[in-house]
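The following report sets out computed features of the structure shown below.

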Amino acid sequence: MNLALATPMVLVLLPLALLPLLLSSQRTQSYPSVEGIETDPLSVALDWLLRIAGVVAIAALILGIGGLHRLGRTIEKTGEGAHIVLLVDRSSSMDNTFAGRAPEGGEESKSAAARRLLKDFILHRDHDLVGVAAFSTSPMHVLPMTEHKGAVMAAVDAMDRPGLAFTNVGRGLALALDMQEADTSPAARVIVLISDGAAVIDRKVQEQLRAAFARRPINLYWLFLRTEGTPGISTVPAPDEQDTPQAMPERHLDKFFKSLGISYRAFEAENPQAVADAIAEIGKLERSPITYFERIPHEDLKARAFAVAIAAMLVLLAAKLAEVRLVPESEEA
Amino acid sequence: MRERLRDARFWALLAALASTCVALVLPRLTLNREVYDVVAVVDITASMNTRDMTPAGKPVSRLDAAKAALERLLSDLPCQSRLGLGVFTERRSFLLFNPAEVCENFAPLEVAVQELDWRMAWEGDSMVAKGFYDAMSIAEDLKADLIFLTDGQEAPPLPGGGTMLPEFEGTRGKVQGLLIGVGGHDKVPLPKFDDEGHEIGTYTADELPQENRTGPPPPDAQLRPGYHPKWAPFGTDPPTGDEHLTSVRTAQLDTLAASVGFGRADLVDSPNLLRILSEHAHTRPVEVAVDIRPVPAALALALLVGLYLAPLLARVRIPAWRSRGAVPPMHGAVLRT
């Protein structure tokens, strides 16, 4: 029973509820002597009943006016889900379509398609905690891990704004790992990297990432929004081509992720349908048990307080109606 | 029964009962309230690290002061208002998230404001006016108003001796909002950072460009030593200035705000953003349900308390009555019936 008042200041009025113990609501009348009347238990009980009815009526009204309510609670439940960090590439190439040109007519840019599908994904995941980070030239913390879908939607909505120049995957991943690290629950941890390209990760940053990934299990998904005709993750260089991270960043980023020894999957999507399939697949994979908190909204008890006051007042009214004069009015006073 | 009808306390009890019944069945009242849709864009360039703000008596950086002001705004905004957040460096603004409802999403929004960091910056330049115009176009696109928090330190300095503002290309008045100056009024040295982000002292005069010589020369250039209209339009002396010192650029921000019809204030003078915002932003009417049940309940309470206090008040009146010479009734005893 977590009861609370909306305006606790009304409690200063609460001593008024003691009035019925001191004073009576019934008419005081003259009587020669009460010595002649024996105290009978019924009268005493009735007297106390009336006093208590008065106390209850006043106290209930005060509590009702003060906005009595039962506090909202969060109860722990177990469901299926994960703690997800969306790591979004905000570099300017995300503004292009899958065909590699600026969107025109009914075409959808890569980030607009990803945005639409991600929002859909988040809406259908009931128990996940979602955090959002963005990276481009530098990593940017956008939203902490939260269960408030409104904020996550707002952050995903912003992802198809024109972005900045570069793709600094390494620092972005470091930020996403930091966000996962700050969360201490035993839930399954997921990083979903959404990008349309890759870049060379500095060797120093590579070592830091390797150490961070080794600290605790994290499932990594790379949603690679590939432009048609560009080198992909699995493109093997021709014998006369250079096989260096600079020449083939996607292939080498994939190799780096595979070498981490974590649960990792890459989805190469060349059109919105492939993105949808990939997101559905992630949704299917991330179904480990998770404890989540369900909010039970606060319950307004004003009406009940008023009902109690009415009941008490009905008792008082009954007593009033039962009042009789011992002496005719003209003789009194 | 007739005399019962004459008993004032009977009526008081009946009235208290009736108004409590009214309180029980009274529906909620729908009122209109004005809320705001705002995008806040914060300057995160290096000059915002200058520690010349003292909001709570302790010196903090301009960025921290701006964040504190935004946190306060976040809790001051009426529910159903929406707040979006962006950062500015170089010449453009970067939106982190679209406006989101402030009460339901309070916790994540508050953390997002706290996590703003100058390391998010992607470039060292700080072309405030261009970034401001860019933020305006983002806000216009989101149909929101704008709060732009900056110290106004242009790096590199504006051409024409620091007077030539870039042209505003949008429509004036479409976006309303505030241009908030962050920083002290006294000039202090700019802090300097190394590649790893560690603070390593302050800038000296010759480490920063003191004058922008890309545009046309300032009108008084012919007075400079060695001036030649073709070969030395800026004179021959090395540029001097105090670009390595920084304070909130009040005059320049005033001009910028006036050119687009924005409200202007400096954070040092007025830390309450909502008060200024209410004078310069569009509002959106929303309906809120207001519980007015306590009003009849309060009436019932007053009646009930009066009911019990009545005999006490009557007793107070008795001495006055007695002094007029009348004899009060002799009570052998008081009996409650």
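## Helix packing

In chain A, helix α2(A) meets helix α9(A) through A:L49, A:L50, A:A53, A:G54, A:V56, A:A57, A:A60, A:L61, A:L63 and A:G64 on one side and A:K302, A:A305, A:F306, A:V308, A:A309, A:A312, A:M313, A:V315, A:L316 and A:A319 on the other. Two residues are in contact if their C-beta atoms, placed from the backbone, lie within 7 Å. Helices (H or I, at least four residues) and strands (E, at least two) are DSSP runs, numbered from the N terminus.

This is a predicted model, in which local features need pLDDT of at least 70 and side-chain atom pairs count only at pLDDT 80 or more, whereas totals for chains, interfaces and linings use all residues. Residues are numbered from 1 along each chain as its sequence is written, while chains are lettered from A and ligands numbered from 1 in the order in which they are written.

The table sets out the geometry of two helix pairs. Axes are lines fitted to C-alpha atoms, for helices over the stretch in contact, and angles run from 0 to 180 degrees between N-to-C directions.

| Helix pair | Axes come within | Crossing angle |
|---|---|---|
| α2 (residues 41–65) and α9 (residues 302–321) of chain A | 8 Å | roughly 150° |
| α3 (residues 62–76) and α4 (residues 106–114) of chain B | 9 Å | roughly 170° |

The contact in the chain B pair is made by B:K67, B:L70, B:E71 and B:L74 of α3(B) with B:F106, B:L109, B:E110, B:V113 and B:Q114 of α4(B). Helices α2(A) and α9(A) are therefore roughly antiparallel (an angle over 145 degrees).

## Chain A as a whole

Chain A has nine helices and twelve strands. Its radius of gyration, taken over C-alpha atoms, is 35 Å, well over the 20 Å that the globule rule (2.2 Å times the number of residues to the power 0.38) gives for 333 residues, so chain A is more spread out than a compact globule. The C-alpha trace of chain A spans about 125 × 45 × 30 Å along its principal axes.

By an automatic or database domain assignment, chain A is divided into domain 1 (3–26 + 41–72 + 297–326) and domain 2 (75–294). The centres of these two domains, taken over C-alpha atoms, are separated by 61 Å.

## Contact between the chains

In chain B, 55 residues are in contact with 57 residues of chain A. Helix α9(B) gives the most to the side of chain B that touches chain A, with twelve residues.

Terms used
Parallel < 35°, antiparallel > 145°, perpendicular 65-115°, else oblique.
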